[in-house]
Amino acid sequence: MALDEGSGWRFRGEPRALEGVADGWHLRVVQPYRALKTYRCPGCEQEIFPRTLHLVVWPEGSPEQRRHWHRACWNRHFAELERAGERRRRRRSPGGG
Ligand SMILES: [Zn+2]
């Protein structure tokens, strides 16, 4: 299963795809009715309250490292990862800005 690589992972409105892979990360949407516990979001260090739609994210193949994220926090974190990756790739090309 391959989501559009490079464009990252985005939801528009109601998430249709509840699970997918983006750039080596496995993501799963936890719908409000399934979110029964309080979690700590590693993005903002705030609590994710029960009945809140959020994400569970783990490196592909390492589900024991899964973490619960606010959707917005993961999107921001993922954008930063992508930027860091681009910067790493860009170092090989001459010129730049
Ligand atoms: Zn958060």
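Strands β1 and β2 form a hairpin with two residues between them. In the turn, Asp23 has a positive phi of about 55 degrees. The strands, β1 at residues 19–22 and β2 at 25–30, are DSSP runs (E, at least two residues), numbered from the N terminus. Their pairing is antiparallel, over four bridges; strands count as paired if DSSP finds at least two bridges between them. Glu19 has Arg28 of β2 as its bridge partner.

The model is predicted; local features need pLDDT of at least 70, side-chain atom pairs count only at pLDDT 80 or more, and totals for chains, interfaces and linings use all residues. Residues are numbered from 1 along each chain as its sequence is written. The mean pLDDT (the predictor's confidence in each residue, from 0 to 100) is 83. A value of 70 or more is reached by 75% of the residues. Over residues 1–7 the pLDDT is below 50. Beyond near neighbours in sequence, that stretch has seven contacts in the model (C-beta atoms, placed from the backbone, within 7 Å).

The protein contains six strands and one helix, a helix being a DSSP run of H or I with at least four residues. From the N terminus on, the order is β-β-β-β-β-β-α. Among contacts between residues at least 6 apart in sequence, 38% join residues at least 24 apart.

Of the 97 residues, 16% count as buried. A residue is buried if 20 or more other C-beta atoms lie within 10 Å of its own, exposed if 12 or fewer, and partly exposed in between; the C-beta atoms are placed from the backbone. The largest nonpolar core has 10 residues: Ala22, Leu27, Val30, Cys41, Ile48, Leu55, Val57, Trp69, Trp74 and Phe78. Such a core is a set of buried Ala, Val, Leu, Ile, Met, Phe, Trp, Tyr and Cys residues joined through C-beta atoms within 7 Å. Strand β2, strand β5 (54–59) and helix α1 (71–90) each supply at least two of its residues. In soluble globular proteins, nonpolar side chains tend to be buried together.

Ala22 is found in strand β1. It counts as buried because 21 C-beta neighbours lie inside 10 Å. Ala22 and Phe78 are 56 residues apart in sequence, yet their C-alpha atoms are 9.4 Å apart in space. Leu55 touches Leu27, Arg28, Val29, Val30, Trp69, Arg71 and Trp74, not counting residues up to four places away in sequence.

Helix α1 has 20 residues and should span 28 Å at 1.5 Å a residue; the expected span is 1.5 Å times one less than the number of residues. Its end C-alpha atoms are 28 Å apart, which agrees. The buried residues of α1 are Arg71, Trp74 and Phe78. They cover an arc of only 55 degrees around the axis, so they sit on the same side of α1. The arc is that of the directions from the helix axis to the C-beta atoms. Their cover includes β5 and β6 (67–69). The face turned away from the buried side carries the exposed residues Ala79, Glu80, Arg83, Ala84, Arg87 and Arg90.

Ala35 lies in the loop between β2 and β3 (39–40). It counts as partly exposed because it has 18 C-beta neighbours inside 10 Å. Ala35 touches Val30, Pro50, Arg51, Thr52 and His54, again leaving out residues up to four places away in sequence. Its C-alpha atom is separated by 7.1 Å from that of Leu53, 18 residues apart along the chain.

Note on methods: Two residues are in contact if their C-beta atoms, placed from the backbone, lie within 7 Å.
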